[in-house]
Amino acid sequence: MKRFYRSSTDKIIGGVCGGIAEYFNIDPLLVRLAFALLFFGYGTGLLAYLLVWILAPKAS
């Protein structure tokens with residue numbers, strides 16, 4: 001079973017976007033753009049990022 005972890009190699013702040021990109025096997029830039037759009041468009045991107053950063057374990 002595939003598990004989600006925050007990335008320890010592809011990270012800018014907390015590794016959340018890199019971890020999501022690794023999990024779904026997509027480009028991390030797309031995930032970062034999605035979070036930016038959620039932040040500037042709806043204001044929920046920052047909250048979602050912080051929640052995942054707190055709740056998701058870091059890859060070892």
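The axes of helix α1 (residues 16-24) and helix α2 (residues 28-41) come within 8 Å and cross at roughly 125°. That angle makes α1 oblique to α2, the class left over once angles under 35 degrees (roughly parallel), over 145 (roughly antiparallel) and 65 to 115 (roughly perpendicular) are set aside. The crossing of α1 past α2 is right-handed.

This is a predicted model, in which local features need pLDDT of at least 70 and side-chain atom pairs count only at pLDDT 80 or more. Residues are numbered from 1 along each chain, and side-chain values use heavy atoms, without hydrogens and water.

Helices are DSSP runs (H or I, at least four residues) numbered from the N terminus. The axes of α2 and helix α3 (residues 45-55) come within 7 Å and cross at roughly 130°; α2 and α3 are therefore oblique to each other.

The table lists the residues in contact (heavy atoms within 4.5 Å).

| α1 and α2 | V16, C17, G18, I20, A21 (α1) | P28, V31, R32, F35 (α2) |

The contact of α2 with α3 has six nonpolar residues, one polar and no charged.

The largest nonpolar core consists of seven residues: V16, C17, I20, A21, V31, F35 and Y49. Such a core joins buried residues (under 20% relative accessible area) through side-chain atoms within 4.5 Å. Four of the core residues, the largest share, come from α1. Leaving aside residues up to four places away in sequence, F35 touches V16, C17, I20, G45, A48 and Y49.

Key. Axes fitted to C-alpha atoms, helices over the stretch in contact; angles between N-to-C directions. Helix = DSSP H or I, 4+ residues; strand = E, 2+ residues; numbered from the N terminus. Left-handed = near helix turned anticlockwise from the far one by under 90°. Buried < 20%, exposed > 50% of the residue type's maximum accessible area, 1.4 Å probe, protein only. Nonpolar A, V, L, I, M, F, W, Y, C, P; charged D, E, K, R; others polar.
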